[in-house]
Amino acid sequence: MVTMVSLSTLPLHAAGRPTTMAPNAMVVTPHYLASQAALQILENGGNAAEAAIAAAAVVNVVYPHMNTIGGDNFWLLYDAKNQRLKALNASGRSGEKATIELYKALGLGKIPTRGYLAANTVPGVVSGWWEVYNYSQKNMNASMSWAKLLEKSISYAENGFSVTPNQEYYTKVNIDKTNNEIRDLGRFDGFRKTFLKPDGNIYYAGELFKQKDLANTLKIIARNGADGFYKGEIAAKIVADLTANGGILTLEDFACHRADWVEAISTDYRGYTAYNLPPNTQGIASLSILNILNNFDLASMTEGSADYYHLIIEATKQAFTDRDKWVTDPDFVSIPVASLLAKERGTELAARIDLQKAALEKNPLDPKGDTIWIGVVDKAGNAVSLIQSIYHDYGSGIVAKDTGVLLQNRGSFFSLDPNHINRLEPRKRTFHTLNPAMLFKNNQPYLIYGTMGGEGQPQTQAALVTRIVDFNFSVQAAIEAPRWLHGRTWGAVSNDLKIESRVPQNVIDELSNRGHPVRVVDSYSDIMGHAGAILINSSTNIKYGGADPRSDGTAVGY
C-alpha cells in the first residue's frame, strides 16, 4: 500500500544547481553565512581546521534549531603535512547524578524528551573547537587567533541575522501546545524569551533575529578558550539554572569534561577506503552498509530503480541490527568493531537479503535527529568533515538563564532498562547518530561527505557514495537525486519507507509490492536531511563542492 502525505510545509527548493568548482579551497555548510565565514578565513591564509571552527561557530548562531554550543560535535580531520587522519569525539557524558534510580524515583519510565531532565549530558561543542584549534596550532601551520575565528559568530549573535524559512518552520512546529511531550517549547521560560517575540509570536523568515546573551557567552569563550565555558561563569550559570529547575548536571560534570582523540574506523568499498567515527557513534552502521554492498554489483543495476532502492534499504536493516546490539560508550562495553566490519561479516549479512522481498522489523527506529554537517578542504590539502548537533530540533528546549545556551537533549536517548546496551549510567556517553565521513583514494582524501538526519545519516551516506563511485554522478547531482528514509517520524509506532515524490510511480509501486510500507513525501523533503560533499580530483587538484537544495546552504570556493 502506498500513501501520499506531505510531512513538511517548508517551501520547495529549486534544484538543478551546478556543482561548485575551485582550484584552491572549498567549503560546504547548510547556511550561506557559515560558508562565507569559512571562505573568508581560507582566503586570508587560514587552514581547513580554522575555517571549520569559524563556520561551526557561525552556524551555531544562525541555525539554532539544528545546533548550538549546548550540543556535541564529531570531527574527521586530515592533516596533509603529516599525512594522517585524526578523529575527535567531542560528545558529552552524562552527569555524575544521572542514574536509572533517580529517574525511576521521579516516577518516570523513560527519560523525558524535552525539559530540564532531558539535558543530562555535558555540551561538547566548545571542547571540540578548542581541541582542533590547538592541534592545528601545533601541527598544521595555523595562522589565526582563537578570537578571530569567533568574530563573525559574535557579530551575528549581537547584531542579528535574517531568519531562514527553516528556522521559521521549526519554531512554529515547536510551539504547538497540543503535545507537551515533544513540542510546546514555549512553556520553558528561556526558550520563550530567546526564540519568540515578547507577544509570543515567532520570528518569520527575513526578520532580524538577535541573541544578546549568546553574544556575551561567545565573547567570554573568545577571551578564555574552552575553560571560559567549562570552568568559569558560563558553567556556573548553566548549572544554577538547571539546579533551580530540577536538573542534574553539576559544576564538577563541566569541569571534568574532555573531548577525546580516537582512532577512525574504516572499510573497503570498491578499492576506496571509507572512514568514519567509532562507537559511541553509528559510524559503524554507515561503514557496514558499504561492506554489505560490496557483495553486490550495483553498477549493473539502474540507479533510481526499485532494485537500487530495495538493496540499500535492506542492507541498512542488516547494518542497523548490529548497530543496535552493540553501539554505546566503549568505555562501558567491549565492542567487537573489527569483526563487525570484517569482509566476512559483510558477506554474512548480504546473504540474509532477499532481493525481492522486504525484511520485516519489530523495533521502531529513532524518529528524529537535527544536525549540521560542514566540509572544508584547503589549498594545502587539509580536509575536515564535521558534524554538530543538539539531537532533536531545538534540543531539550532549555535555554540556560542569562547565557543564551540552548542545551541538547541527546541524553534522552539513554534507556532506563538496566539490561539495555545503552542503559543510563553516570559519566557515560550515549549512542550517537552523528557520524562524519571521508572516502580515500590511494591513501588521500577523495570525497569529504556527510549529512544531518538521525537514522537517515547512514542511508544518505550510502546514496552519496554509490551514486558517485558506482554511477559516476557529480557531487551536486548525487545530493539532489531523489532520496529515501527508512525509519519513523514523530509519534509513529512503526517504521515506514519515506520516499520523495520525484521517484517514478512504477518504482514506488514495485517497492510497495516487495513489502515496503511506502509513504510518498515532498519532492525535496526537508526530512531527508541536509547533505553535502566535496570531491577532490587528484590529477588537477580541482575541488568539486555540492550543497543540498533541501537546506539553506551553499558550496563556495576560490
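Which residues does phenylalanine 254 touch, not counting residues up to four places away in sequence? In this predicted model, phenylalanine 254 touches Val122, Pro123, Phe229, Tyr230, Ala235, Ile238, Val239 and Leu249.

## Nonpolar cores

Let's start with the setting of that residue. The largest nonpolar core has 90 residues, and Phe254 is among those that touch the most other members, along with Ile69, Trp75, Trp129, Phe229, Ile238 and Val376. Helix H2, residues 48-62, gives the most to this core, with 13 residues. Apart from it lies another core, of 59 residues, which includes Leu298, Tyr308, Leu340 and Tyr449.

As general background, nonpolar side chains in soluble globular proteins tend to be buried together.

## Salt bridges across the sequence

Now for the charged side chains. The structure holds 32 salt bridges. One of them joins arginine 93 to aspartate 260, with the closest N and O atoms 2.6 Å apart. This pair links distant parts of the chain: arginine 93 sits in the loop between strand S5 (84-90) and helix H3 (100-105), while aspartate 260 belongs to strand S8 (residues 260-262), 167 residues apart. Arginine 93 and aspartate 260 are both buried.

Arginine 183 and aspartate 393 form another salt bridge, and here the closest N and O atoms are 2.9 Å apart. Arginine 183 is in the loop between helix H6 (165-173) and helix H7 (189-195), and aspartate 393 is in the loop between strand S12 (383-391) and strand S13 (437-441), so the pair ties together parts that are 210 residues apart in sequence. Both arginine 183 and aspartate 393 are buried.

## A network around aspartate 548

Salt bridges that share partners join Arg483, Glu500, Arg502, Asp548 and Arg550 into one network. Aspartate 548 is found in the loop between strand S19 (543-547) and strand S20 (554-557). With a relative accessible area of 0%, aspartate 548 is buried.

The side chain of aspartate 548 makes a polar contact of 2.8 Å with the side chain of arginine 550. A polar atom of the aspartate 548 side chain also lies 2.8 Å from the backbone nitrogen of alanine 531. Leaving out residues up to four places away in sequence, aspartate 548 touches Arg17, Ile479, Arg483, Gly529, His530 and Ala531.

In other words, five of the five residues in S16 (residues 496-500) are buried.

S16 pairs with strand S15 (residues 484-487) in the antiparallel sense over four bridges, and lysine 498 is the bridge partner of leucine 485. Four bridges also join S16 to strand S17 (residues 518-521), and these two run parallel. In S17, valine 520 is the bridge partner of isoleucine 499. From S16 the chain crosses through helix H18 (residues 505-513) to S17, giving a right-handed β-α-β crossover.

Note on methods. Residues are numbered from 1 along each chain as its sequence is written. This is a predicted model: local features need pLDDT of at least 70, side-chain atom pairs count only at pLDDT 80 or more; totals for chains, interfaces and linings use all residues. Side-chain values use heavy atoms; hydrogens and water are left out. A salt bridge is a side-chain nitrogen of Lys or Arg within 4 Å of a carboxyl oxygen of Asp or Glu. Buried means under 20% relative accessible area, exposed over 50%, partly exposed in between (1.4 Å probe, protein chains only). Two strands pair if DSSP finds at least two bridges between them. A crossover is right-handed if, with the strands pointing away from the viewer, the path from the first strand over the helix to the second runs clockwise. A nonpolar core is a set of buried Ala, Val, Leu, Ile, Met, Phe, Trp, Tyr and Cys residues joined through side-chain atoms within 4.5 Å. Contact means heavy atoms within 4.5 Å. A polar contact is a pair of N or O atoms within 3.5 Å; within protein, one must be able to donate a hydrogen and the other to accept it, and residues adjacent in sequence count only if both atoms are side-chain atoms.
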